[in-house]
Amino acid sequence: MPDIFFIMFFLVFFLVLGTILLNLVRGVSQWNRNNHSPRLTVEATVVTKRSDVSHHHHQNAGGTGHTASTTTYYVTFQVASGDRMELCVGGSEYGMLVEGDFGDLTFQGTRYLGFERK
């Protein structure tokens, strides 16, 4: 019976480790693609905004714990060709942008760099 426990333990361990490494590789590769993409400024309209809130519960050894949450903000822009792109923005930018705003969007790959209203 102990053999099955050790097999399952290492199987789960390597599955979790593989998932972490895969996410790390994806993040570094997206960062690298963004760095090698041209920095573009195009006329765009703010189409919609959304936020994604995730909650994390941390349990301490004594049975007590705390909950933390993080919010990620996204804005969808539409360019003159009709194409749309959703970019992750900071909280202060999110608060300043309003659906229907028109102006110059600056971005690099999937990285939001700024928006200047006209």
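The tour below goes from charged pairs to a glutamine and then to aromatic rings. Keep in mind that this is a predicted model.

**Stop 1: glutamate 43 and lysine 118**

Side chains of opposite charge can pair when their charged atoms come close. This structure holds four salt bridges. Begin by selecting glutamate 43 and lysine 118, whose side chains meet in a salt bridge with 2.4 Å from N to O. The two come from distant parts of the chain, 75 residues apart: glutamate 43 belongs to strand β1 (residues 39–59), and lysine 118 to the segment after β5 (111–117). Glutamate 43 is partly exposed, at 39% relative accessibility, while lysine 118 is exposed, at 58%.

**Stop 2: arginine 50 and glutamate 86**

Next, select arginine 50 and glutamate 86, another salt bridge, where the closest N and O atoms are 2.8 Å apart. Which parts does this pair tie together? Arginine 50 lies in strand β1 and glutamate 86 in strand β3 (residues 84–89), so the bridge connects parts that are 36 residues apart in sequence. Arginine 50 is partly exposed, with a relative accessible area of 39%, and glutamate 86 counts as partly exposed, at 39% relative accessibility.

The charged end of arginine 50 sits over the ring of tyrosine 74, 4.2 Å from the ring's centre.

**Stop 3: arginine 117 and aspartate 101**

Move on to arginine 117 and aspartate 101, which form a salt bridge with their closest N and O atoms 2.8 Å apart. Arginine 117 is in strand β5 and aspartate 101 in the loop between α2 (91–96) and β4 (102–108), so this pair ties together parts 16 residues apart in sequence.

**Stop 4: glutamine 108**

Now select glutamine 108, which you will find in strand β4. Glutamine 108 is buried, with a relative accessible area of 10%. Where does its side chain reach? Follow the side chain of glutamine 108 to the backbone oxygen of serine 37, at 3.1 Å. Then show what surrounds glutamine 108: leaving out residues up to four places away in sequence, it touches Asn34, Asn35, Ser37, Pro38, Arg39 and Leu113.

**Stop 5: the aromatic rings**

A pair of aromatic rings is described by the distance of the centres and the angle of the planes. The structure holds nine aromatic pairs. One of them is tyrosine 73 with tyrosine 94, a tilted pair with 4.6 Å from centre to centre and 35° between the planes. Tyrosine 73 is in strand β2 (residues 65–79) and tyrosine 94 is in helix α2, 21 residues apart. Tyrosine 73 counts as partly exposed, at 24% relative accessibility, but tyrosine 94 counts as buried, at 17%.

The charged end of lysine 49 sits over the ring of tyrosine 94, 4.3 Å from its centre.

For the last stop, select Phe5, Phe6, Phe9, Phe10, Phe13 and Phe14, which ring pairs link into a cluster.

How values were computed. Residues numbered from 1 in each chain as written. Predicted model: local features only at pLDDT ≥ 70, side-chain atom pairs only at ≥ 80, totals over all residues. Heavy atoms only, no water. Helix = DSSP H or I, 4+ residues; strand = E, 2+ residues; numbered from the N terminus. Buried < 20%, exposed > 50% of the residue type's maximum accessible area, 1.4 Å probe, protein only. Polar contact = N/O pair within 3.5 Å; in protein donor to acceptor, adjacent residues only side chain to side chain. Contact = heavy atoms within 4.5 Å. Phe/Tyr/Trp six-rings, centres within 6.5 Å; stacked < 30°, edge-to-face > 60°. Lys NZ or Arg CZ within 6 Å of the ring centre and 35° of its normal.
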